[in-house]
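Please find below some notes for a colleague who is opening this structure for the first time.

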Amino acid sequence: EQTVDELGERPLLHSFTTPLGARHVAELVDGLAAGMQSLGVRRGDRIGLYLQNDPQYMIAMLAAWRLGAIALACNPMLRDRELAHHLQDAGATALVVLDDLYEIAQRAAENVPDMRLVLTTSRDDLRSAGASPQGAPPGTHDLIMLARQHAGVPYERVAPDPGEVAVLTYTSGTTGPAKGAMNTHGNIAFASRVYRDWMGVRADDTILGIAPLYHVTGLTGHIGLAVASGAPLILAHRFDPAQVAELVEHHRATVTVAAITAYVALAN
């Protein structure tokens, strides 16, 4: 709320080269929260996020937090059996999924008894100012349409305690089934501010978001850092070195956090 008040219409996100003003992002977050609440999402519910590095990831996560729900970060490379394990283990009741991944998610959701709500979205839904959602498969809801339909609709907003779980991030499962690591609101807020203060990131910086948002690095070093500092976050779906290099030049990006392999690819 503080960052939105300070930025106003200035960008908080960039979808490729399209800026998304902070106030616009906040309206989508509140609209989505109101829409999800009308569909039965309540405090403590676990909401799976099966998406790439798109603005909808951040919007859905913040909307979940508005309701006191817990985001379940799912690697978009998971296949149906792996995804089903994550959703079952976490007790997920809702899932936000990229349309390109819907068939996998549909097979996984069939094995999750508590699943009652599926929201779909496309990487291009917010990529241009005039983009309009393409609609959702039968039995699902389109994320952007739901958010816009509930824009300005009052809802019961929750202020989670710092000790409450905000995100479940699953381990790699190298020594057994993957386990959900519990990241609290206080943990994420603190880690995001550490990034901000140690790097000296300010609102006039621009963050290049190439670390996966489902990983704690992307969670705190990208989403959390943008919210904590007010610096806009560039998101470009999946990492493509040539495209990312063009976006760095276009936006004059100043800061990022990523795996060494990404830097090598960019250098090459």
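This is a predicted model: local features need pLDDT of at least 70, side-chain atom pairs count only at pLDDT 80 or more; totals for chains, interfaces and linings use all residues.

1. The second largest pocket is lined by 28 residues, and those that lie nearest its centre are Asn53, Ile210, Ala211, Pro212 and Phe239. Helix H9 (241–251) and helix H10 (260–267) are the elements that give two or more residues to this lining. Here a pocket is an open set of points on a 1 Å grid over the protein atoms alone, where a 1.4 Å probe fits and protein lies on both sides within 12 Å along at least five of seven lines, and a lining residue has an atom within 4 Å of a point. Helices (H or I, at least four residues) and strands (E, at least two) are DSSP runs, numbered from the N terminus.

2. Residues are numbered from 1 along each chain as its sequence is written, and side-chain values use heavy atoms, with hydrogens and water left out.

3. The second largest pocket has a volume of about 540 Å³, and its lining divides into 19 nonpolar, eight polar and one charged residues.

4. The largest pocket holds about 1100 Å³ of space; of its 34 lining residues, Glu1, Gln2, Leu62, Trp65 and Val227 are the closest to its centre. Helix H2 gives the most to this lining, with seven residues, and the lining by class has 17 nonpolar, seven polar and 10 charged residues.

5. An open sheet of five strands runs in the order S2-S1-S11-S10-S12, with mixed pairing, where two strands pair if DSSP finds at least two bridges between them. Strand S2 (18–21) and strand S12 (255–256) are at the edges with a single partner strand each, so one side of each has no neighbour in the sheet. Strand S1 (residues 11–15) pairs with S2 in the antiparallel sense over four bridges, and Leu13 stands opposite Leu20 in S2.

6. Which side chain does Arg23 meet in a salt bridge? The partner is Glu9, at 3.0 Å from N to O, and the pair links distant parts of the chain, with Arg23 in helix H2 and Glu9 in the loop between H1 and S1, 14 residues apart. The structure holds 12 salt bridges, each being a side-chain nitrogen of Lys or Arg within 4 Å of a carboxyl oxygen of Asp or Glu.

Notes:
Grid points are joined across faces, edges and corners, and a volume is the space filled by probe spheres set on the points. Ala, Val, Leu, Ile, Met, Phe, Trp, Tyr, Cys and Pro count as nonpolar, Asp, Glu, Lys and Arg as charged, and the others, Gly among them, as polar.
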